[in-house]
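Student: I have the sequence and the model open, and I'd like to go through it with you. Can we start with how the strands sit next to each other?

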Amino acid sequence: MSGRVTTVSSNGTYSFSKPNRESVTLVAGLGVEGDVHAGRTIRHQFRMTYEPDLPNLRQVHLMHEELFDELALKGYDVAPGQLGENITTPDVDLLGLPTGALLHLGDEAVVEVTGLRNPCAKINDFRQGLLGEVFALDPVSGDFTFRSGIMAVVRHGGPVRPRDAIGIELPPGPHRPLERV
């Protein structure tokens with residue numbers, strides 16, 4: 001399995017959206033260099049207040065580009081970086097990856113998938129009603145569905161740019177489905 005990067009984004013300050021960049025540099029054990037969410041311990045603004053010493057399993061946020069097309073059909077104009085993701089990619093079933101999958105980004109960087117992004121209520125401040133489109137209760141199964149991307153930690157650093165290849169390495173089975181982190 002493989003794919004490609006279409007957009008990379010980062011922001012050095014807390015803000016819901018992240019500006020697109022020509023490249024970002026991933027740093028092993030920390031995340032995206034210069035990004036506010038980089039660090040060994042959790043950097044999520046709300047969660048830091050009550051769980052400041054937890055390991056940061058949310059160093060890199062990846063988003064499937066197809067979500068933007070789905071949201072556009074429902075009247076939401078959303079572009080890469082606007083939902084706070086660092087890396088946007090089409091044609092990769094990010095939500096279907098198992099926990100522990102390795103994503104080889106470009107020539108050097110490798111991230112390990114840790115789980116699903118748990119979107120916060122700030123998404124409705126960005127676009128009213130958007131939270132219900134990316135996070136919902138499945139009426140049939142009773143399970144919550146999370147569609148706002150996946151989170152990963154950096155195992156090997158390096159630059160990542162638009163058009164870089166993404167190689168996918170699945171962990172040995174049995175595979176564990178992604179849970180929110």
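Student: Which residue is the bridge partner of Leu 26 in E5?
Tutor: This is a predicted model, and in it the bridge partner of Leu 26 in E5 is Val 32. Another pairing between these strands sets Val 27 opposite Gly 31 in E5.

Student: How many bridges join E4 to E5, and which way do they run?
Tutor: There are 2 bridges joining E4 to strand E5, which covers residues 31-32, and the two strands run antiparallel. They form a hairpin with 3 residues between them, and Gly 29 in the turn has a positive phi of about 80°.

Student: What about E13, how many bridges join E4 to that one?
Tutor: E4 is joined to strand E13, residues 158-160, by 3 bridges, and this pair is antiparallel. Here Val 24 stands opposite Val 160 in E13.

Student: So what order do the strands take in the open sheet?
Tutor: The open sheet has 3 strands in the order E5-E4-E13, with antiparallel pairing. E5 and E13 are the edge strands, each of them pairing on one side only. As a general point, strands of a sheet pair through backbone hydrogen bonds, either parallel or antiparallel.

Student: Which residues touch the most other members in the largest nonpolar core?
Tutor: That core has 26 residues, and Leu 26, Leu 103, Leu 105, Ile 150 and Val 160 touch the most other members. Several elements give two or more residues to this core, including E4, E6, strand E8 (102-105) and strand E12 (150-156). The largest share comes from E9, with 4 residues. Apart from this core lies another one, of 13 residues, among them Leu 67, Phe 68, Leu 83 and Leu 131.

Student: And what does Leu 105 touch?
Tutor: Leaving out residues up to four places away in sequence, Leu 105 touches Val 5, Leu 26, Ile 87, Val 111, Pro 159, Val 160, Ala 165 and Ile 166.

Student: New topic: is His 64 buried or exposed?
Tutor: His 64 counts as buried because its relative accessibility is 8%, and buried means under 20%. His 64 is found in strand E6, residues 60-64.

Student: What does His 64 touch?
Tutor: Not counting residues up to four places away in sequence, His 64 touches Thr 89, Val 92, Leu 94, Leu 95, Arg 147 and Gly 149. For Thr 49, the separation from His 64 is 15 residues in sequence and 29 Å in space, C-alpha to C-alpha.

Student: How many aromatic pairs are there in the whole structure?
Tutor: A search of the whole structure finds 3 aromatic pairs. One of them is Phe 135 with Phe 144, a stacked pair at 5.2 Å centre to centre with 0° between the planes. Phe 135 and Phe 146 form a tilted pair, 5.1 Å centre to centre with 45° between the planes. Phe 135 lies in strand E10 (residues 135-137) and Phe 146 in strand E11 (residues 144-146), so this pair ties together parts that are 11 residues apart in sequence. Ring pairs link Phe 135, Phe 144 and Phe 146 into a cluster.

Student: Last one: where does the charged end of Arg 127 sit?
Tutor: The charged end of Arg 127 sits over the ring of Phe 126, at 4.1 Å from the ring centre.

How values were computed: Residues are numbered from 1 along each chain as its sequence is written. This is a predicted model: local features need pLDDT of at least 70, side-chain atom pairs count only at pLDDT 80 or more; totals for chains, interfaces and linings use all residues. Side-chain values use heavy atoms; hydrogens and water are left out. Buried means under 20% relative accessible area, exposed over 50%, partly exposed in between (1.4 Å probe, protein chains only). Contact means heavy atoms within 4.5 Å. Two strands pair if DSSP finds at least two bridges between them. A nonpolar core is a set of buried Ala, Val, Leu, Ile, Met, Phe, Trp, Tyr and Cys residues joined through side-chain atoms within 4.5 Å. Rings of Phe, Tyr and Trp (its six-membered ring) pair if their centres lie within 6.5 Å; planes under 30 degrees apart count as stacked, over 60 as edge-to-face and the rest as tilted. A charge sits over a ring if NZ of Lys or CZ of Arg is within 6 Å of the ring centre and within 35 degrees of the ring normal.
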